[in-house]
Amino acid sequence: NAEYMGVPIPCMFCPLFMNCSCLDCVFAIFRRSNSGNGNTQTESKSVPMKKMGKNRNSAAAPLSNVILDPKRKGPAVIIENRTEMLGEGSLLANCPIVQDRAYFEVKVLFPGKCTVGVAHRATILGAPMGRDGHSWGLLFGQDGVSIGENDVIGCAFDQSGYPVLRYFLNGQALNKDLNGMKGELYPCFSLSDGVKLKACFDPSEFAHSPPDSSFSEIMMSRSII
């Protein structure tokens, strides 16, 4: 009960302003309110919380926020549906690879010539990759690794120690690893000879599993904090 200098203070919640416990009055009013609505149950039913995180098997799971960057592409490059690309020149994804180990894939929608790899934001986007010291990639198509329609190129980037970029074709290791890159790096793609590609950053779209469980999809930097 509330008191001031030994004098009882009436409870503001009590209709009779009696000297009683405020919490008792609040609960009593709550019970009377429920009874007046025809609800005699005083305990609320618990509502299960939705499990946080991605459900990779759910068709309703949102696509990744990692997409091709419309502001970081060569003038002759065309982006369709956020992750499909065609034209001539190079382009970047919209976020760098900030985690230790990341994996992404590229599906060949129409064969041609392309280079897939990583690059600094400062790389020249109007020219093929690998010519300015700011990009590293493996050539596919003419003069490179042979590809056909619906082939899937896998890229596993490991920067937990000495950075290395490993390549896979349709789930099989190509044993053509690249290294020597450093700094903040973005997924990068170069296009020519009529090639059309689809970048797959969301794990629900992966055709093959990463090389091991330590690799995951590219995550936006705020998702790692």
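Rings of Phe, Tyr and Trp count as a pair if their centres lie within 6.5 Å. The legends below use this term for a predicted model.

Figure 1. Among contacts with a separation of 6 or more, 65% are between residues 24 or more positions apart.

**Figure 2. The ring cluster of F104, F189 and F201.** The structure holds 4 aromatic pairs. Ring pairs link F104, F189 and F201 into a cluster. A pair of aromatic rings is described by the distance of the centres and the angle of the planes. The next two views take the pairs F104–F189 and F104–F201 in turn.

**Figure 3. The pair F104 and F189.** How are the planes of F104 and F189 set to each other? The angle between them is 85°, so the pair is edge-to-face; planes over 60 degrees apart fall in that class. The ring centres are 6.2 Å apart. F104 belongs to strand β7 (residues 101–110) and F189 to strand β14 (residues 186–192).

Figure 4. F104 is in strand β7, whereas F201 is in the loop between β15 (196–200) and β16 (216–217). This pair, too, links distant parts of the chain, its members being 97 residues apart. Are F104 and F201 buried or exposed? The cut-off for buried is under 20% relative accessible area. F104 has a relative accessible area of 0%, so F104 is buried. F201 has a value of 1%, so F201 is buried.

**Figure 5. K198 and its surroundings.** K198 is located in strand β15. Why does K198 count as buried? Its relative accessibility is 18%, and buried means under 20%. Which side chain does the side chain of K198 meet in a polar contact of 3.1 Å? The partner is T83. Leaving aside neighbours within four places in sequence, K198 is in contact with T83, E84, M85, E105, V106, K107, L109 and E205.

Key. Residues numbered from 1 in each chain as written. Predicted model: local features only at pLDDT ≥ 70, side-chain atom pairs only at ≥ 80, totals over all residues. Heavy atoms only, no water. Phe/Tyr/Trp six-rings, centres within 6.5 Å; stacked < 30°, edge-to-face > 60°. Helix = DSSP H or I, 4+ residues; strand = E, 2+ residues; numbered from the N terminus. Buried < 20%, exposed > 50% of the residue type's maximum accessible area, 1.4 Å probe, protein only. Polar contact = N/O pair within 3.5 Å; in protein donor to acceptor, adjacent residues only side chain to side chain. Contact = heavy atoms within 4.5 Å.
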